[in-house]
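This report goes through selected features of the structure shown here.

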Amino acid sequence: MVTTATRAREIAETVTDPELPQLTLAELGVLREVTEDGDRVVVSITPTYSGCPAMDTMRDDLVHRLTGAGYRDVEVRVTLSPPWSSDHITESGRRKLAAAGIAPPGPAPRRPRGPIPLTLGPTRRAACPRCGSTDTEEVSEFGATACKALRRCRSCREPFDHFKEI
Amino acid sequence: MSFDNVYAALTGDGDARWAFGTGFSDPLAGVEMTPADDALAGYCLMLGDDALIMSHRLQEWITRAPELEDEVAIANIALDLLGQARLLLARTGRDEDELAFHRDAAEFRNVRLAEIPGGDFAHLVVRLLAFSTWRLAVMDRLRLSSDTVLAAIAAKSVKELTYHRDYAARWAVRLGDGTEESHRRMRRALDEVWPYTADLFATDPVESAPFAVDPATVRAEFDQVIAEVLGQATLPAPPDAGRAVPRGEHTGALHPLLEELQSVARALPEATW
């Protein structure tokens with residue numbers, strides 16, 4: 001019988017993200033469904049960005065952890081719909097990001113009616129994860145990984161990553 | 001046999017000793033989908049080739065961008081487009097590596113805008129502005145495609161392309177409304193790039209299918225966005241777009257681009273990575 005797996009899900013939820021090892025895949029919002037049928041488990045995950053190079057590692061880590069826990073047949077599937085949004089990061093995930101010096105994302109932009117508006121200047125805000133100041137500026141919308149932007153704090157002068165809103 | 005795990009490939013004694021890592025790097029692994037017929041496969045190939053070739057031209061900027069931040073930005077945009085290309089090529093139902101590395105120039109279906117040789121940084125900005133404005137408008141409509149996989153790929157792409165277009169637009173304003181020299185270079189780049197934009201709105205026969213978007217329908221939105229950016233950038237209206245050529249016709253620049261893109265895969269056809 002295929003069931004929504006409780007034990008397998010608990011195990012899958014302990015697997016961490018390869019690029020943000022502070023967060024689990026569940027906290028990042030990329031872990032979707034886990035179903036169990038005897039010693040067979042099917043896990044579905046969704047990419048943050050189309051070109052996310054960590055997908056293969058995530059899948060290997062899930063298979064490794066679940067087979068290590070005794071499941072003989074583990075399949076990891078990709079799911080694309082609905083597309084991942086930074087809104088899917090859990091509250092504990094946001095706390096862990098901030099603790100790791102990465103400003104968590106604000107709410108993802110709402111899609112207005114009509115064409116997607118052009119944004120010709122920085123509009124996003126983020127508090128410095130180091131000193132808490134809200135006097136920060138954007139250096140680049142593209143950072144060390146696809147999911148992060150680069151900012152600088154005007155108070156403590158330190159640069160920091162900001163998890164992008166998408 | 002293919003391995004997507006570098007360690008498995010290095011050991012060379014099969015995957016029996018590994019509890020995982022049995023070669024499955026299909027970016028659509030496990031996605032439920034109907035087999036693609038010729039028309040759908042042809043359409044996905046077009047959109048995938050646009051992203052693949054544009055991504056390669058952007059990758060050429062790595063180690064050459066004016067600032068480290070821009071190098072990172074351009075690499076990120078190239079990676080997003082490569083990801084879109086992989087998803088779209090996989091949706092054709094054919095092997096993505098075979099399509100990327102073992103087709104000749106005449107078999108590629110990308111628009112010429114993606115393949116023309118690069119120039120200075122202004123050239124990059126103008127090309128990326130035109131490409132991402134057009135592709136965002138197409139992908140935004142493709143979210144409603146009758147093919148659910150294509151619709152899902154489009155929904156992801158829209159979020160990424162919004163950032164790409166903003167990046168190019170901000171640079172266009174900064175350079176156009178910058179120094180005399182940067183303004184002059186932007187005008188030159190517009191003259192060089194714009195003739196290739198006519199192709200973007202020429203309807204291919206496959207683009208009238210229910211799963212597709214007719215690019216002629218995004219023309220008004222494209223013109224409006226470009227006018228807004230060029231206005232802010234104190235640049236004149238772009239020159240006449242010139243005559244459209246159908247997809248499948250290429251410039252002489254595609255062949256040398258593919259020679260580089262495909263060189264490793266063709267020199268070592270048995271290699272796995």
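The sections below describe a predicted model.

Strand 3 of chain A covers residues 40-45. Strand 2 of chain A, residues 31-37, is joined to strand 3 by 5 bridges, and the two run antiparallel. Within this pair, V34(A) stands opposite V43(A). The two strands form a hairpin with 2 residues between them, and G38(A) in the turn has a positive phi of about 65°.

Strand 3 of chain A is also joined to strand 4 of chain A, residues 73-78, by 6 bridges; here the strands run parallel. One of the paired positions is V42(A), whose bridge partner in strand 4 of chain A is E75(A). Together with helix 3 of chain A, residues 55-68, strands 3 and 4 make a right-handed β-α-β unit.

In a regular strand, side chains alternate between the two faces of the sheet. Strand 3 of chain A has a covered face made of V41(A), V43(A) and I45(A), while R40(A), V42(A) and S44(A) make up the uncovered face.

## The open sheet of chain A

A further 4 strands of chain A form an open sheet with mixed pairing, in the order 5-8-7-6. Its edges are strand 5 (102-103) and strand 6 (136-140) of chain A, each of which pairs on one side only. Strand 6 of chain A is linked by 4 bridges to strand 7 of chain A, residues 148-153, and the two run antiparallel. In this pairing, E137(A) has R152(A) of strand 7 as its bridge partner.

## Backbone geometry

Most residues other than glycine have a negative phi, and most peptide bonds are trans. The peptide bond that joins S81(A) and P82(A) is cis, with omega at about -5°. P82(A) is found in the loop between strand 4 and helix 4 (91-99) of chain A.

R157(A) has a value of about 70° and lies in the loop between strand 7 and strand 8 (159-163) of chain A. For T234(B) the value is about 55°, and this residue lies in the loop between helix 9 (219-232) and helix 10 (254-267) of chain B.

Are these two residues buried or exposed? R157(A) counts as exposed because it has 10 C-beta neighbours inside 10 Å. T234(B) is exposed as well, with 12 other C-beta atoms within 10 Å; the cut-off for exposed is 12 or fewer.

## Contact between chains A and B

The contact takes 30 residues from chain A and 43 residues from chain B. On the side of chain A that touches chain B, the elements that give two or more residues are helix 3, strand 4 and strand 6 of chain A. Helix 3 of chain A gives the largest share, 5 residues. By class, this side of chain A has 15 nonpolar, 10 polar and 5 charged residues.

## Helix 2 of chain B

Does the length of helix 2 of chain B, residues 38-59, agree or disagree with its residue count? At 1.5 Å a residue, its 22 residues should span 32 Å, and the end C-alpha atoms are 31 Å apart, so the two values agree. Of the 22 residues of helix 2 of chain B, 17 are buried, so this helix is largely enclosed by the rest of the structure.

Notes
Residues numbered from 1 in each chain as written. Chains lettered and ligands numbered in written order. Predicted model: local features only at pLDDT ≥ 70, side-chain atom pairs only at ≥ 80, totals over all residues. Pairing = 2+ DSSP bridges. Buried ≥ 20, exposed ≤ 12 C-beta atoms within 10 Å, placed from the backbone. Right-handed = clockwise from strand over helix to strand, strands pointing away. Contact = placed C-beta atoms within 7 Å. Nonpolar A, V, L, I, M, F, W, Y, C, P; charged D, E, K, R; others polar. Expected span 1.5 Å × (residues − 1).
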